[in-house]
Structure formats: structure tokens, C-alpha cells
There are 2 protein chains.
Amino acid sequence: MDVPFTRAGVAGLGLIGGSLALALRQAGLSVTGYDIDTATVRAANTADIAASTTPDALFDTDILFIALYPDATIDFVRTHAARIKQGGLVVDCCGIKTRVVEALTTVAAENGFTFIGGHPMAGSEFGGFGAARADLFAGASFLLTPPDPQMPQLAPLETLLRRIGCVPNVTDPAHHDRMIAFTSQLPHALACAYVLSSSCPGHAGFSAGSYRDVSRVAHINPTLWAELFLENRDAFCAEMDEMIDHLQTLRNAAAADNRKSLEDLLKKARKRKELDNLQQR
Amino acid sequence: MDVPFTRAGVAGLGLIGGSLALALRQAGLSVTGYDIDTATVRAANTADIAASTTPDALFDTDILFIALYPDATIDFVRTHAARIKQGGLVVDCCGIKTRVVEALTTVAAENGFTFIGGHPMAGSEFGGFGAARADLFAGASFLLTPPDPQMPQLAPLETLLRRIGCVPNVTDPAHHDRMIAFTSQLPHALACAYVLSSSCPGHAGFSAGSYRDVSRVAHINPTLWAELFLENRDAFCAEMDEMIDHLQTLRNAAAADNRKSLEDLLKKARKRKELDNLQQR
């Protein structure tokens, strides 16, 4: 199928924006990028992405991806709203949706372009354009929260996302934010709380795969994730409360030497994970 | 270097015992195995391991590995103590050491053989001889808790373990159990508590690497891990308490909209993980 867009812009050339720029170019689009960081722009230019420290070239594109932190995403689109191409499409990449979608749907309507909330479910514990790869999104879910699931701009966007290897999934902002609190924010909080243990500095020689896997994303971007936790505070705290509650139940069963209760909890957990493993086959 | 033992026995041919049997045979030893499960013995025989549902052939070996659950390990060695070769070496593979070492050091002294506590730091969320591999221990730490670090039987055991790809690390039972509570038992409890969340059944399409990694070992063996948690109860509960405390601190910082405090906690976690990543290079 033909790519439904010719020219794409990407604001923010970190891990996500940089990977999007590389993937879109590989899919045959003409791509222009923007980043405030001179070294990032230089790295992008070296990788043959036409990037600049000024955003001017972004506004003449058919589709504009914003790959900035949530607050910066809202600020950027608000600041440049009048310059965005009439009839163009703007898609963000933020890990939270309710607040971003509320703010930008109105701005888009007032300025004659379309905004669709987006969240590519891919990443790495390493950031920056240096970690960007054209295949970062291969097989990854790209969550979309359009203001209206029947809007004509949605299908071409889905086609483009499939073209760069993503699986588009349409949902609504509130459901997105609750699920992401569980699937993404909670694991990051767990990894951080885990390595904060006073036992952690002595783990070498005593640790293997389960330490490695649970601690991996403790290599976190503190500014970004503090913002994500705070902007999704209610859902995040609800998930944290439920997690703490389950840990306390397991801990109390062990403290009370209650083997039956402990085994029952572990059996229930194993059944949940068995379903995952079956679905992945 | 020559292999310091000629004949090895392995009691229990699940993931760990099966992998040990395959690795020892690959290292040139004559290996005999024992398991109560007929299908397991058949599978081991098919893989050219001389295995039986009776333990008789184990007792004429130079080194005997016990790869059973903790209670079963103690029972097995106690039951067969009088038949174990005089001057022979017995090594267990349990994930907890204090209780096993206390029980079996005495039995060994009374019956003329040597016991050294062992714990190969390798595994998988899949169990049984069907998941066993000769290279399961490649590069893995093999923790050893000898009754005396100067004892003459230790060096040949370390040579053998290096020969099958392990890195032997000598420690004492109490330190072992506290560290393992953190590096192994806590991640298993976290994975189980995590998938018990009411949000878990709807995660498909919303999840990626961080969900996958933190939930992996929720595919747990409930009987084995309940036993491990209970037999290491004090250290396990201490680690759980510290984890719950750190989670609560993160949760409260988010609930109070305290960005500074949240960022400081995440920065501290990132610094810990940066040290890991540096050490691994």
C-alpha cells in the first residue's frame, strides 16, 4: 500500500523522535527534524536526517510527530499552533494521554489542523538520538486516542504506522492512562524502589536473571518519569496501592508461616502468567 | 586442568539437576542420575544419562549433587547417609542455605563424608528435565558455603565447577540467605504481586518490555517458592518490608505532587543502576 503522507516532521530527536525520524525516512517519506540540542541535531544530520535547532521546516509537512515530554509537547503545539499547516495532522508520543489530549484537541480545532493522541509502546533504558534505531518500533503497539474513532484522518495514520512496523491500537485517553499506569509506570516505580534496597550495593556474585530483569528500567530518566507519574497521579497511585497491598499479603502469609495461603497466591499468579505465555506462542 | 572427579551422581533430574547431569557428562565425568518420576528418568535415559527411579547407583560416586527442594534434600541425605561413600563429597543446590547446611553438616560428620552447601545461580521460569541444558550454568555464579573455607575438598570442587562453566563464589550461609532474599526471592514475590493486579488481565496491546521483564518469573513453581520464602522467612520479610517502604515513599511523593522528592528518589535509583551497567561492561 502507498504511504499516505509525503512529508513528515518530527519535533524532538531523542530515542523516540530519532527512531521515528529514521523509520519514516526508511518508509520513503521526506523527513525534517527539530531539536533544541545542537549535538543532537548534528548527530541527526550525520544520519542523513534534515534536522535543525529551529522548528521552521516542521510546519510545511503533512504529518507532524511531537516527541517531547508531556508539558513541553503541550507548550510546543500551543506556541506554534498558528504556523501548523491547515488540514495537517499532529500526533504526539507522550506516555500519558488524558491531559495532553484535552489540551491539544481544542488548540487543533481553533487552528484548523487535526490532533490525534499517540503513544508508541517501545523504548529502552537508554535515551537520546545515539540510542535511536529505525527498527525500534518493529512489532510494537502504537496506541492512538483519536477524538472520534470514525474520523477520516485515522485510517491513513494507521496505514503509515503499519508501514513503519507498528501495530496501531485505538483506545480512549482514560483507559490508556489506567492501563499504562499498570504496564509501564508501575514497573518503573518497582525497579527504582527495588534498587533502593540497602542490600542492592552488595548484589554482585549473588544475582542472576531475576535481579537483572526487575532492575533493568531503574536506569530511568528522572525528569521524564517524575512528570509521567505526576500527570497520571490518580491512576498511578491506585496501581501503587494495589501493588503494595498484594506485597503486604504475601509478606504476612510468610511471616505467619501460612504455607497454604502463600502457595494459593503463587498459584494464582502463575495462572495469570501462563495465559500470557500461551498468548505469546 | 584435569577434572578432579571421575564419577558423579545427581539426585533429582529437574531443570537444575538435569542441567548439571548434562554439563558434568559433557565435562567428561561418568554420570548417574536418580529421580522418582518415571517420565523424567525416561527422558534422561534418552539423553544418554544413566538414570533410575532407585538411588542405588548414586552412592558409589566421588561427588553427589542433590538437586531437590530444601526439605526433600535434607530428608534424602538423612535417609541414605549410611550408604554414601566414605570420604565422598555431597553438594546440594538449594536456594536457601542456613537450614540445609546446619542439618547436613552434622549428618556428614557422623557418617564419614563431606558436605558443602551449594547454590547455582541459574534457572528459568520453565522447569523439568525438558528445560534442562548443558550450558544452563555457563557464566553463572555457583555459590558455595563450606563449613571451613580452608578445607581440602573445596579446591577440587571449584575446579570442577569452573570446568562446567560456573564461577564459584565462597560465602557463609547467613550472608547467602540475606543476599538471596534480595536478589532472587524478592523479584519472584514482586512478579507475583504485580500480575495479581486487577489491571493485569487487560494488558495485551498496552504492554511492552517493562511489563514483560517484571512479570517474567511470575511463571513460578508455587510449591518450591513457598518453601524457599518460608525457610528464609526472616530475611525475606525484612526485604519485603524495605521494598514496601520504598514503594510507599514513591507513592506518597506522587500523591502529594512533590516533584522534587520524586525526582530525587528516581535519581538515586538511576545512580545505583548506572553502577551495575558500568560493571557489566
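## The interface between the chains

Let's start where the two chains meet: 90 residues of chain A are in contact with 90 residues of chain B. Keep in mind throughout that this is a predicted model. Between them, chain A and chain B bury about 8200 Å², and 67% of that area lies on carbon and sulfur atoms.

Polar pairings are part of the picture too. Between chain A and chain B there are 32 residue pairs in polar contact, counting pairs with both residues at pLDDT 80 or more. Which parts of chain A supply at least two residues each to the side that touches chain B? They are strand E7 (141-145), helix H6 (173-195), helix H7 (209-215), helix H8 (222-231), helix H9 (233-255) and helix H10 (259-280). Sorted by class, that side of chain A has 43 nonpolar, 25 polar and 22 charged residues.

## Salt bridges

Side chains of opposite charge can pair when their charged atoms come close. Over all chains, the structure holds 32 salt bridges, and the count between chain A and chain B is six.

For an example inside one chain, turn to Asp56(A), which forms a salt bridge with Arg83(A); here the closest N and O atoms are 2.7 Å apart. What does this pair link? It connects distant parts of the chain, with Asp56(A) in the loop between E3 and E4 of chain A and Arg83(A) in the loop between H3 and E5 of chain A, 27 residues apart.

## The sheet of chain A

Strands of a sheet pair through backbone hydrogen bonds, either parallel or antiparallel. In chain A, eight strands form an open sheet with mixed pairing, and their order is E3-E2-E1-E4-E5-E6-E7-E8. At the edges sit strand E3 (50-52) and strand E8 (167-170) of chain A, each pairing on one side only. Neighbouring strands of this sheet are turned against each other by 25 degrees on average, direction ignored.

Within the sheet, strand E6 (residues 114-120) of chain A runs antiparallel to E7(A), and four bridges join the two. One bridge to find on screen has Gly118(A) with Leu144(A) in E7(A) as its partner.

Helix H1 (residues 15-26) of chain A lies across strand E1 (7-11), strand E2 (30-34), strand E4 (63-66) and E6 of chain A, and runs at about 165 degrees to E1(A). Helix H3 (residues 70-80) of chain A lies across E1, E2, E4 and strand E5 (89-92) of chain A, at about 145 degrees to E4(A).

## The sheet of chain B

Now for chain B: its open sheet has eight strands in the order E3-E2-E1-E4-E5-E6-E7-E8, with mixed pairing. Which strands form the edges? Strand E3 (50-52) and strand E8 (167-170) of chain B do, each pairing on one side only. From one strand to the next, the twist averages 25 degrees.

In chain B, strand E6 (residues 114-120) and strand E7 (residues 141-145) run antiparallel and are joined by four bridges. His119(B) has Leu143(B) in E7(B) as its bridge partner. Helix H6 (residues 173-195) of chain B lies across E6 and E7 of chain B, running at about 140 degrees to E7(B).

Technical notes
Residues numbered from 1 in each chain as written. Chains lettered and ligands numbered in written order. Predicted model: local features only at pLDDT ≥ 70, side-chain atom pairs only at ≥ 80, totals over all residues. Heavy atoms only, no water. Contact = heavy atoms within 4.5 Å. Buried area = accessible area lost by both parts, 1.4 Å probe. Salt bridge = Lys/Arg side-chain N within 4 Å of Asp/Glu carboxyl O. Polar contact = N/O pair within 3.5 Å; in protein donor to acceptor, adjacent residues only side chain to side chain. Nonpolar A, V, L, I, M, F, W, Y, C, P; charged D, E, K, R; others polar. Pairing = 2+ DSSP bridges. Axes fitted to C-alpha atoms, helices over the stretch in contact; angles between N-to-C directions.
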